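I opened a new model today and wanted to look up its fold and its aromatic rings. My notes are below.

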Amino acid sequence: GRSYCVRTQRMLNQCLESLVQKVQSGVVINFEKSGPDPSPIGEDGLVDSSRPINSFASQPWHSCHKLIYVRPNPKTGVPVGHWPIPESFWPDQNSPTLPPRTAHPVVRFSCVDCEPMVIDKLPFDKYELEPSPLTQYILERKSPHTCWQVFVSSSGKYSELGHPFGYLKASTTLTCVNLFVMPYNYPVLLPLL
(Lines give C-alpha, C1' and ligand atoms only; values in the text may rest on other atoms or scores of the structure.)
Protein backbone atom coordinates (compact mmCIF):
# COMPACT_ATOMS: atom_id res chain seq x y z
CA GLY A 1 0.00 0.00 0.00
CA ARG A 2 0.84 3.65 -0.04
CA SER A 3 -0.20 6.65 2.05
CA TYR A 4 -0.42 10.28 1.04
CA CYS A 5 -0.37 13.39 3.23
CA VAL A 6 -2.20 16.09 1.29
CA ARG A 7 -1.53 19.69 2.33
CA THR A 8 -2.42 21.68 -0.79
CA GLN A 9 -4.75 21.52 -3.77
CA ARG A 10 -1.71 20.91 -5.99
CA MET A 11 -0.61 17.94 -3.85
CA LEU A 12 -4.15 16.55 -4.01
CA ASN A 13 -4.05 16.63 -7.82
CA GLN A 14 -0.64 14.90 -7.85
CA CYS A 15 -1.82 12.20 -5.41
CA LEU A 16 -4.99 11.54 -7.43
CA GLU A 17 -2.93 11.29 -10.62
CA SER A 18 -0.59 8.82 -8.91
CA LEU A 19 -3.54 6.70 -7.72
CA VAL A 20 -5.21 6.66 -11.14
CA GLN A 21 -2.02 5.27 -12.70
CA LYS A 22 -1.99 2.40 -10.19
CA VAL A 23 -5.64 1.36 -10.65
CA GLN A 24 -6.07 -1.83 -12.66
CA SER A 25 -9.33 -2.44 -14.47
CA GLY A 26 -10.50 -5.86 -13.41
CA VAL A 27 -12.50 -8.21 -11.23
CA VAL A 28 -11.16 -10.22 -8.27
CA ILE A 29 -11.91 -13.95 -8.37
CA ASN A 30 -11.17 -16.78 -5.94
CA PHE A 31 -9.76 -19.66 -7.98
CA GLU A 32 -10.00 -23.05 -6.22
CA LYS A 33 -8.76 -26.43 -7.47
CA SER A 34 -11.39 -29.16 -7.76
CA GLY A 35 -10.44 -32.84 -7.99
CA PRO A 36 -6.97 -34.41 -8.24
CA ASP A 37 -3.78 -32.68 -9.34
CA PRO A 38 -2.80 -33.11 -13.01
CA SER A 39 -0.26 -35.71 -14.10
CA PRO A 40 3.29 -34.32 -13.92
CA ILE A 41 4.80 -33.30 -17.25
CA GLY A 42 8.39 -34.27 -18.09
CA GLU A 43 11.06 -32.21 -19.85
CA ASP A 44 9.79 -33.32 -23.27
CA GLY A 45 6.29 -31.97 -22.57
CA LEU A 46 4.77 -35.45 -22.27
CA VAL A 47 3.08 -36.90 -19.18
CA ASP A 48 5.72 -38.29 -16.82
CA SER A 49 4.17 -41.26 -15.01
CA SER A 50 7.37 -42.00 -13.06
CA ARG A 51 6.89 -38.90 -10.88
CA PRO A 52 4.30 -39.39 -8.13
CA ILE A 53 1.24 -37.17 -7.84
CA ASN A 54 0.66 -35.83 -4.35
CA SER A 55 -2.95 -34.59 -4.49
CA PHE A 56 -3.38 -34.23 -0.75
CA ALA A 57 -0.59 -31.76 0.00
CA SER A 58 -1.95 -28.25 -0.52
CA GLN A 59 0.07 -26.20 -2.99
CA PRO A 60 0.01 -22.39 -3.39
CA TRP A 61 -1.60 -22.73 -6.84
CA HIS A 62 -4.56 -24.75 -5.45
CA SER A 63 -6.22 -21.59 -4.14
CA CYS A 64 -5.60 -18.05 -5.47
CA HIS A 65 -7.43 -14.78 -4.80
CA LYS A 66 -6.49 -12.84 -7.94
CA LEU A 67 -7.58 -10.26 -10.48
CA ILE A 68 -8.72 -10.91 -14.04
CA TYR A 69 -7.97 -7.89 -16.22
CA VAL A 70 -11.11 -6.48 -17.84
CA ARG A 71 -9.83 -4.42 -20.75
CA PRO A 72 -12.05 -1.62 -22.04
CA ASN A 73 -13.01 -1.46 -25.70
CA PRO A 74 -10.37 0.83 -27.33
CA LYS A 75 -13.06 2.73 -29.30
CA THR A 76 -15.66 3.31 -26.58
CA GLY A 77 -13.61 2.92 -23.38
CA VAL A 78 -16.34 0.63 -22.01
CA PRO A 79 -15.57 -3.03 -21.19
CA VAL A 80 -17.62 -5.48 -23.26
CA GLY A 81 -18.60 -8.93 -22.03
CA HIS A 82 -20.97 -11.42 -23.60
CA TRP A 83 -21.34 -14.08 -20.90
CA PRO A 84 -21.70 -13.86 -17.11
CA ILE A 85 -19.92 -15.93 -14.50
CA PRO A 86 -22.73 -18.20 -13.21
CA GLU A 87 -24.35 -17.68 -9.81
CA SER A 88 -23.74 -20.31 -7.12
CA PHE A 89 -27.41 -21.30 -6.88
CA TRP A 90 -30.20 -22.54 -9.14
CA PRO A 91 -33.00 -19.94 -9.43
CA ASP A 92 -36.15 -20.74 -7.45
CA GLN A 93 -39.33 -18.92 -8.52
CA ASN A 94 -40.89 -19.52 -5.09
CA SER A 95 -38.06 -17.73 -3.24
CA PRO A 96 -38.94 -14.10 -2.43
CA THR A 97 -35.28 -13.04 -2.30
CA LEU A 98 -32.00 -14.02 -3.87
CA PRO A 99 -29.57 -15.94 -1.64
CA PRO A 100 -26.57 -13.96 -0.33
CA ARG A 101 -23.37 -14.26 -2.34
CA THR A 102 -19.70 -13.52 -1.87
CA ALA A 103 -18.28 -10.27 -3.22
CA HIS A 104 -15.74 -12.25 -5.27
CA PRO A 105 -16.97 -15.27 -7.23
CA VAL A 106 -15.47 -18.66 -6.31
CA VAL A 107 -14.42 -20.29 -9.58
CA ARG A 108 -13.35 -23.93 -9.35
CA PHE A 109 -11.02 -25.41 -11.95
CA SER A 110 -10.53 -29.05 -12.90
CA CYS A 111 -6.98 -30.15 -13.76
CA VAL A 112 -8.17 -32.55 -16.48
CA ASP A 113 -6.65 -31.57 -19.85
CA CYS A 114 -9.41 -30.72 -22.36
CA GLU A 115 -9.56 -29.41 -25.91
CA PRO A 116 -10.25 -25.66 -26.07
CA MET A 117 -13.54 -25.10 -27.91
CA VAL A 118 -14.62 -22.09 -29.95
CA ILE A 119 -16.87 -21.85 -33.00
CA ASP A 120 -17.29 -19.15 -35.62
CA LYS A 121 -19.88 -16.47 -34.97
CA LEU A 122 -20.40 -17.43 -31.31
CA PRO A 123 -18.73 -14.82 -29.13
CA PHE A 124 -16.62 -15.64 -26.09
CA ASP A 125 -14.95 -13.48 -23.46
CA LYS A 126 -11.21 -13.65 -22.83
CA TYR A 127 -9.65 -12.23 -19.66
CA GLU A 128 -5.98 -12.28 -18.73
CA LEU A 129 -5.20 -13.52 -15.20
CA GLU A 130 -3.00 -11.48 -12.90
CA PRO A 131 0.32 -13.35 -12.35
CA SER A 132 0.01 -15.82 -9.47
CA PRO A 133 1.22 -19.28 -8.39
CA LEU A 134 -1.65 -20.69 -10.51
CA THR A 135 -0.59 -18.90 -13.71
CA GLN A 136 3.04 -19.85 -13.07
CA TYR A 137 2.09 -23.52 -12.63
CA ILE A 138 -0.01 -23.58 -15.83
CA LEU A 139 2.75 -21.85 -17.85
CA GLU A 140 5.43 -24.24 -16.53
CA ARG A 141 3.40 -27.16 -17.92
CA LYS A 142 4.07 -25.76 -21.45
CA SER A 143 0.72 -27.00 -22.78
CA PRO A 144 -0.75 -24.10 -24.79
CA HIS A 145 -3.07 -26.41 -26.77
CA THR A 146 -4.97 -27.85 -23.80
CA CYS A 147 -7.15 -26.16 -21.19
CA TRP A 148 -8.68 -26.71 -17.75
CA GLN A 149 -12.44 -26.26 -17.44
CA VAL A 150 -13.90 -23.87 -14.85
CA PHE A 151 -17.08 -24.29 -12.78
CA VAL A 152 -19.10 -22.53 -10.08
CA SER A 153 -20.26 -24.91 -7.33
CA SER A 154 -24.05 -25.33 -7.02
CA SER A 155 -24.69 -23.51 -10.33
CA GLY A 156 -26.42 -26.58 -11.81
CA LYS A 157 -29.79 -27.96 -10.76
CA TYR A 158 -28.74 -31.57 -10.33
CA SER A 159 -24.98 -31.58 -9.75
CA GLU A 160 -22.90 -30.11 -6.94
CA LEU A 161 -20.10 -28.82 -9.18
CA GLY A 162 -22.42 -27.60 -11.93
CA HIS A 163 -21.48 -27.48 -15.61
CA PRO A 164 -18.40 -25.79 -17.12
CA PHE A 165 -18.81 -22.19 -18.23
CA GLY A 166 -15.33 -21.72 -19.69
CA TYR A 167 -11.71 -22.68 -19.26
CA LEU A 168 -8.23 -21.59 -18.21
CA LYS A 169 -5.66 -21.75 -21.00
CA ALA A 170 -2.06 -20.66 -21.44
CA SER A 171 -1.53 -18.27 -24.36
CA THR A 172 0.13 -19.87 -27.39
CA THR A 173 3.28 -17.85 -26.66
CA LEU A 174 3.25 -19.06 -23.00
CA THR A 175 3.42 -15.47 -21.75
CA CYS A 176 0.14 -15.38 -19.78
CA VAL A 177 -2.90 -17.44 -18.78
CA ASN A 178 -6.38 -16.47 -19.95
CA LEU A 179 -9.84 -17.20 -18.59
CA PHE A 180 -12.21 -17.91 -21.49
CA VAL A 181 -15.86 -17.37 -20.51
CA MET A 182 -18.36 -19.19 -22.72
CA PRO A 183 -22.10 -19.93 -22.53
CA TYR A 184 -23.03 -22.15 -19.58
CA ASN A 185 -22.45 -25.87 -20.33
CA TYR A 186 -20.67 -24.95 -23.58
CA PRO A 187 -19.36 -28.54 -24.27
CA VAL A 188 -22.98 -29.58 -24.89
CA LEU A 189 -24.14 -26.36 -26.58
CA LEU A 190 -21.32 -25.84 -29.10
CA PRO A 191 -21.67 -29.21 -30.91
CA LEU A 192 -25.44 -28.59 -31.17
CA LEU A 193 -24.82 -25.20 -32.79
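These entries go from the overall fold to the aromatic pairs.

I noted at the start that this is a predicted model, where local features need pLDDT of at least 70, side-chain atom pairs count only at pLDDT 80 or more, and totals for chains, interfaces and linings use all residues. Residues are numbered from 1 along each chain as its sequence is written, and side-chain values use heavy atoms, without hydrogens and water.

Fold. I found 3 helices and 7 strands, as DSSP runs numbered from the N terminus (helices: H or I, at least four residues; strands: E, at least two). Along the sequence they follow the pattern α-β-β-β-β-α-β-β-β-α.

Burial. I read that 33% of the 193 residues are buried, meaning under 20% relative accessible area, with exposed over 50% and partly exposed in between (1.4 Å probe, protein chains only).

Aromatic pairs. I looked up 8 of them. Rings of Phe, Tyr and Trp (its six-membered ring) pair if their centres lie within 6.5 Å; planes under 30 degrees apart count as stacked, over 60 as edge-to-face and the rest as tilted. Trp 61 and Tyr 137 are stacked, with 4.0 Å from centre to centre and 10° between the planes. Trp 61 sits in the loop between strand 1 (26–34) and strand 2 (63–69), and Tyr 137 lies 76 residues away in helix 2 (residues 133–140). Trp 61 is buried at 5% relative accessible area, whereas Tyr 137 is partly exposed at 21%.

Cluster. I also noted that Trp 61, Phe 109, Tyr 137 and Trp 148 form one aromatic cluster.
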